[in-house]
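Trainee: I would like to learn how to read the features of a structure one by one. Could we take a case and work through it?

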Amino acid sequence: MIPVPTGARVWLATGYTDMRRGFPSLALQVQEVLRKDPLSGHLFVFRGRRSDLVKLIWHDGQGACLFTKRLERGRFIWPSVAGEAVTISSAQLSYLLSGIDWRTPQETQRPTRVG
(Lines give C-alpha, C1' and ligand atoms only; values in the text may rest on other atoms or scores of the structure.)
Protein backbone atom coordinates (compact mmCIF):
# COMPACT_ATOMS: atom_id res chain seq x y z
CA MET A 1 0.00 0.00 0.00
CA ILE A 2 1.13 3.53 -0.73
CA PRO A 3 2.02 5.38 2.48
CA VAL A 4 -0.57 8.16 2.38
CA PRO A 5 0.84 11.07 4.42
CA THR A 6 -1.24 12.69 7.13
CA GLY A 7 -3.31 15.51 5.69
CA ALA A 8 -3.08 14.26 2.11
CA ARG A 9 -6.38 13.82 0.30
CA VAL A 10 -7.21 11.19 -2.28
CA TRP A 11 -9.00 12.49 -5.37
CA LEU A 12 -10.73 10.27 -7.94
CA ALA A 13 -10.93 11.76 -11.41
CA THR A 14 -14.38 10.73 -12.60
CA GLY A 15 -14.94 9.53 -16.13
CA TYR A 16 -12.33 7.77 -18.25
CA THR A 17 -8.70 8.65 -18.86
CA ASP A 18 -6.36 7.60 -21.66
CA MET A 19 -4.04 5.14 -19.92
CA ARG A 20 -1.18 5.87 -22.33
CA ARG A 21 -0.61 9.10 -20.39
CA GLY A 22 2.33 9.53 -18.05
CA PHE A 23 2.87 11.83 -15.08
CA PRO A 24 3.27 15.09 -17.08
CA SER A 25 0.00 14.77 -19.01
CA LEU A 26 -1.94 13.42 -16.00
CA ALA A 27 -0.61 16.33 -13.92
CA LEU A 28 -1.81 18.70 -16.65
CA GLN A 29 -5.25 17.07 -16.47
CA VAL A 30 -5.26 17.60 -12.69
CA GLN A 31 -4.51 21.30 -13.23
CA GLU A 32 -6.88 22.00 -16.11
CA VAL A 33 -9.83 19.68 -15.49
CA LEU A 34 -9.84 19.10 -11.73
CA ARG A 35 -8.51 22.58 -10.86
CA LYS A 36 -6.09 21.14 -8.28
CA ASP A 37 -2.33 21.39 -7.79
CA PRO A 38 -0.63 18.10 -8.78
CA LEU A 39 2.44 19.00 -6.68
CA SER A 40 0.40 19.53 -3.50
CA GLY A 41 1.13 16.10 -2.02
CA HIS A 42 -2.40 14.85 -2.64
CA LEU A 43 -3.04 11.60 -4.52
CA PHE A 44 -4.93 11.65 -7.82
CA VAL A 45 -6.43 8.44 -9.19
CA PHE A 46 -7.48 7.87 -12.83
CA ARG A 47 -9.37 4.96 -14.40
CA GLY A 48 -9.10 3.44 -17.86
CA ARG A 49 -12.03 2.84 -20.20
CA ARG A 50 -12.40 -0.87 -19.39
CA SER A 51 -12.32 -0.13 -15.63
CA ASP A 52 -9.67 -2.77 -14.96
CA LEU A 53 -6.71 -0.36 -14.85
CA VAL A 54 -6.01 2.64 -12.61
CA LYS A 55 -3.13 5.07 -12.47
CA LEU A 56 -2.30 7.08 -9.40
CA ILE A 57 -0.03 10.13 -9.37
CA TRP A 58 1.52 11.65 -6.28
CA HIS A 59 4.27 14.18 -5.67
CA ASP A 60 6.00 13.24 -2.41
CA GLY A 61 7.99 16.45 -2.07
CA GLN A 62 11.10 14.96 -3.65
CA GLY A 63 9.75 13.81 -6.97
CA ALA A 64 6.83 12.59 -9.02
CA CYS A 65 5.42 9.10 -8.42
CA LEU A 66 3.25 7.20 -10.89
CA PHE A 67 1.61 3.95 -9.76
CA THR A 68 -0.37 1.58 -11.96
CA LYS A 69 -2.63 -1.32 -10.99
CA ARG A 70 -4.52 -3.70 -13.26
CA LEU A 71 -7.08 -6.17 -11.93
CA GLU A 72 -6.85 -9.63 -13.45
CA ARG A 73 -10.54 -10.26 -12.68
CA GLY A 74 -13.29 -7.78 -11.97
CA ARG A 75 -13.49 -4.03 -12.34
CA PHE A 76 -12.71 -1.01 -10.22
CA ILE A 77 -15.80 0.59 -8.68
CA TRP A 78 -15.98 4.23 -9.74
CA PRO A 79 -18.34 7.14 -9.04
CA SER A 80 -20.80 7.89 -11.84
CA VAL A 81 -20.43 11.68 -11.66
CA ALA A 82 -18.63 12.88 -14.79
CA GLY A 83 -16.25 15.82 -15.13
CA GLU A 84 -15.61 16.30 -11.42
CA ALA A 85 -13.30 15.00 -8.74
CA VAL A 86 -14.49 12.95 -5.80
CA THR A 87 -12.48 12.78 -2.58
CA ILE A 88 -12.19 9.52 -0.64
CA SER A 89 -10.32 8.46 2.50
CA SER A 90 -7.08 6.49 2.46
CA ALA A 91 -9.00 3.46 3.82
CA GLN A 92 -11.43 3.70 0.90
CA LEU A 93 -8.43 3.91 -1.46
CA SER A 94 -7.14 0.68 0.03
CA TYR A 95 -10.50 -0.99 -0.66
CA LEU A 96 -10.58 0.45 -4.18
CA LEU A 97 -7.09 -0.84 -5.03
CA SER A 98 -8.09 -4.29 -3.71
CA GLY A 99 -11.08 -4.42 -6.06
CA ILE A 100 -13.59 -4.08 -3.20
CA ASP A 101 -16.62 -1.77 -3.44
CA TRP A 102 -15.23 1.13 -1.40
CA ARG A 103 -18.65 2.81 -1.07
CA THR A 104 -20.12 0.02 1.09
CA PRO A 105 -17.42 -2.41 2.21
CA GLN A 106 -18.86 -5.63 3.60
CA GLU A 107 -17.26 -7.77 6.23
CA THR A 108 -17.20 -11.37 5.07
CA GLN A 109 -18.47 -14.14 7.32
CA ARG A 110 -15.84 -16.75 8.08
CA PRO A 111 -16.74 -19.99 9.79
CA THR A 112 -15.23 -20.35 13.25
CA ARG A 113 -15.07 -24.14 13.04
CA VAL A 114 -15.32 -26.82 10.40
CA GLY A 115 -18.09 -29.39 10.46
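Trainee: How many bridges join strand 1 to strand 2, and do they run parallel or antiparallel?

Mentor: Strands of a sheet pair through backbone hydrogen bonds, in either a parallel or an antiparallel way. In this predicted model, strand 1 and strand 2 run parallel and are joined by three bridges. Within that pair, Val 10 has Leu 43 of strand 2 opposite.

Trainee: What is the order of the strands in the sheet?

Mentor: The order is 4-3-2-1-5, in an open sheet of five strands with mixed pairing. Strand 4 and strand 5 (85–88) are at the edges, and each has a single partner strand, so one side of each lacks a neighbour in the sheet. On average, neighbouring strands are turned by 25° against each other, direction ignored.

Trainee: Which pairs in this sheet are antiparallel?

Mentor: Strand 2 and strand 3 run antiparallel, with five bridges between them. Arg 47 is opposite Val 54 in strand 3. Strand 3 and strand 4 also run antiparallel, and here seven bridges join the two. Trp 58 faces Cys 65 of strand 4 in that pairing.

Trainee: Where do positive phi values occur in the two hairpins?

Mentor: The hairpin of strand 2 and strand 3 has five residues between the strands, and Ser 51 takes a positive phi near 65°. In the hairpin of strand 3 and strand 4, with four residues between them, Gly 61 in the turn has a positive phi of about 100°.

Trainee: Which way do the side chains of strand 3 point, and are they buried or exposed?

Mentor: In a regular strand the side chains alternate between the two faces of the sheet. Leu 53, Lys 55, Ile 57 and His 59 point one way from strand 3, while Val 54, Leu 56 and Trp 58 point the other way. Both sets are buried, and the count for strand 3 is seven of its seven residues.

Trainee: What does helix 1 touch in the sheet?

Mentor: Helix 1 (residues 23–32) packs on the sheet, in contact with strand 2, strand 3 and strand 4. The direction of helix 1 makes about 80° with that of strand 3.

Trainee: Which residues of helix 1 are buried?

Mentor: Phe 23, Leu 26, Ala 27, Gln 29 and Val 30 are the buried residues of helix 1. Viewed down the helix axis, they fall within an arc of 155°, so they line one face of helix 1. Their cover includes strand 2, strand 3 and strand 4.

Trainee: Where is Thr 17, and what does it touch?

Mentor: Thr 17 is in the loop between strand 1 and helix 1. With a relative accessible area of 6%, Thr 17 is buried. Leaving out residues up to four places away in sequence, Thr 17 touches Leu 26, Gln 29, Phe 46, Arg 47, Gly 48 and Arg 49.

Trainee: Which residues of the largest nonpolar core touch the most other members?

Mentor: This core has 17 residues, and Leu 12, Leu 43, Val 45, Trp 78, Leu 93 and Leu 96 touch the most other members. Strand 1 (10–13), strand 2 (43–47), strand 3 (53–59) and helix 2 (90–97) each supply at least two of the residues in this core. Apart from it lies another core, of twelve residues, including Trp 11, Met 19, Leu 34 and Ile 57.

Trainee: How many salt bridges does the structure hold?

Mentor: Side chains of opposite charge can pair when their charged atoms come close. The structure holds two salt bridges. One of them joins the side chains of Asp 18 and Arg 20, at 3.0 Å from N to O. Asp 18 is partly exposed at 35% relative accessibility, whereas Arg 20 is exposed at 75%.

Trainee: Which parts of the chain does the pair of Asp 52 and Arg 70 link?

Mentor: In this salt bridge the closest N and O atoms of Asp 52 and Arg 70 are 3.6 Å apart. The pair links distant parts of the chain, 18 residues apart: Asp 52 is in the loop between strand 2 and strand 3, and Arg 70 is in strand 4 (residues 64–70). Asp 52 is buried, with a relative accessible area of 12%, whereas Arg 70 is partly exposed at 47%.

Technical notes. Residues are numbered from 1 along each chain as its sequence is written. This is a predicted model: local features need pLDDT of at least 70, side-chain atom pairs count only at pLDDT 80 or more; totals for chains, interfaces and linings use all residues. Side-chain values use heavy atoms; hydrogens and water are left out. A nonpolar core is a set of buried Ala, Val, Leu, Ile, Met, Phe, Trp, Tyr and Cys residues joined through side-chain atoms within 4.5 Å. Buried means under 20% relative accessible area, exposed over 50%, partly exposed in between (1.4 Å probe, protein chains only). A salt bridge is a side-chain nitrogen of Lys or Arg within 4 Å of a carboxyl oxygen of Asp or Glu. Two strands pair if DSSP finds at least two bridges between them. Axes are lines fitted to C-alpha atoms, for helices over the stretch in contact, and angles run from 0 to 180 degrees between N-to-C directions. Contact means heavy atoms within 4.5 Å. The arc is that of the directions from the helix axis to the C-beta atoms.
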